[in-house]
Amino acid sequence: MGGQNPYIPEADIEMPKTKFTIRYVDEQKKEHLIEVDPEKIPYDDHGLPGSLLDIAMAHGIEIDHACGGVCACSTCHVVVREGLETCSDSSDDEEDQLDQAYGLTASSRLACQCVPNGKQNLVVEVPAWNRNLAREAH
Ligand code: FES
């Protein structure tokens with residue numbers, strides 16, 4: 001599942017025009033350096049096209065996304081350590097969902113809603129404490 005939540009207004013998003021990199025730091029603190037090619041966006045079908053979730057999942061980096069990437073949970077919470085200013089603005093709906101995330105920081109975003117414009121390389125951390133009620137229920 002993925003794509004756009006029909007109940008949320010479409011965000012004003014600037015797509016990247018040149019290649020850039022994202023260094024993901026996963027839940028085990030392992031680093032993955034990804035080169036993003038704008039020609040390949042959308043990579044997959046997870047969250048908004050070109051979102052941090054879309055790019056991560058297409059490169060084998062697992063980020064929880066219980067709602068399928070439609071801005072209806074907070075399990076895809078990530079912290080953008082570098083390059084946040086080159087990312088799409090967060091919507092009110094994203095902020096509402098983020099309020100439910102554990103360990104919220106000033107650089108926190110929902111990976112499925114955050115789309116970088118590629119004008120700077122990014123460092124994105126996947127918190128180990130992400131809340132996934134579905135997983136906790138097992
Ligand atoms: S996956 Fe649910 S809000 Fe991103």
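**Contacts and the core**

Student: Leaving aside neighbours within four places in sequence, which residues is I63 in contact with?

Tutor: I63 is in contact with L53, A56, M57, C76, V78, A111 and V126. Two residues are in contact if their C-beta atoms, placed from the backbone, lie within 7 Å. Please note that this is a predicted model, in which local features need pLDDT of at least 70 and side-chain atom pairs count only at pLDDT 80 or more, while totals for chains, interfaces and linings use all residues. Residues are numbered from 1 along each chain as its sequence is written.

Student: What share of the contacts in the protein with a separation of 6 or more comes from residues 24 or more positions apart?

Tutor: Such residues account for 64% of these contacts.

Student: What makes a group of residues a nonpolar core?

Tutor: The members must be buried Ala, Val, Leu, Ile, Met, Phe, Trp, Tyr or Cys residues, joined through C-beta atoms within 7 Å. A residue is buried if 20 or more other C-beta atoms lie within 10 Å of its own, exposed if 12 or fewer, and partly exposed in between. The largest nonpolar core here has 28 residues, and I63 is among those with the most contacts inside it, together with L52, L53, A56, V78 and A111. Two or more residues come to this core from each of β1, α1 (52–58), β3 (77–82) and β5 (122–125). The greatest contribution is that of α1, with five residues. In soluble globular proteins, nonpolar side chains tend to be buried together.

Student: How much of the protein is buried?

Tutor: Of the 138 residues, 37% are buried.

**Strands and the sheet**

Student: What makes a stretch of chain a helix or a strand?

Tutor: Both are DSSP runs, numbered from the N terminus: helices are H or I with at least four residues, strands are E with at least two. On this basis the protein has three helices and five strands, which follow the pattern β-β-α-β-α-β-β-α along the sequence.

Student: Why are β2 (31–36) and β4 (108–110) said to stand at the edges?

Tutor: The open sheet has the order β2-β1-β5-β3-β4, with mixed pairing. Each of β2 and β4 has a single partner strand, so one side of each lacks a neighbour in the sheet.

**Buried and exposed loop residues**

Student: Why is I61 called buried?

Tutor: I61 has 21 other C-beta atoms within 10 Å. The cut-off is 20 or more, and I61 is therefore buried. I61 lies in the loop between α1 and β3, and leaving aside neighbours within four places in sequence, I61 is in contact with Y24, D26, H32 and A56. I61 and Y24 are 37 residues apart along the chain, yet their C-alpha atoms are separated by 8.1 Å.

Student: Is K29 buried or exposed?

Tutor: K29 has 9 other C-beta atoms within 10 Å. As the limit for an exposed residue is 12 or fewer, K29 is exposed. K29 is found in the loop between β1 and β2 and has a positive phi of about 70° although it is not a glycine.

Student: Where is C71 found, and what makes C71 buried?

Tutor: C71 is found in the loop between α1 and β3. With 24 C-beta neighbours inside 10 Å, C71 meets the cut-off and counts as buried. Phi of C71 is also positive, near 60°, in a residue other than glycine.

Student: What is the form of the peptide bond from I41 to P42?

Tutor: That bond is cis, with omega near 0°. P42 is placed in the loop between β2 and α1.

Conventions: Two strands pair if DSSP finds at least two bridges between them.
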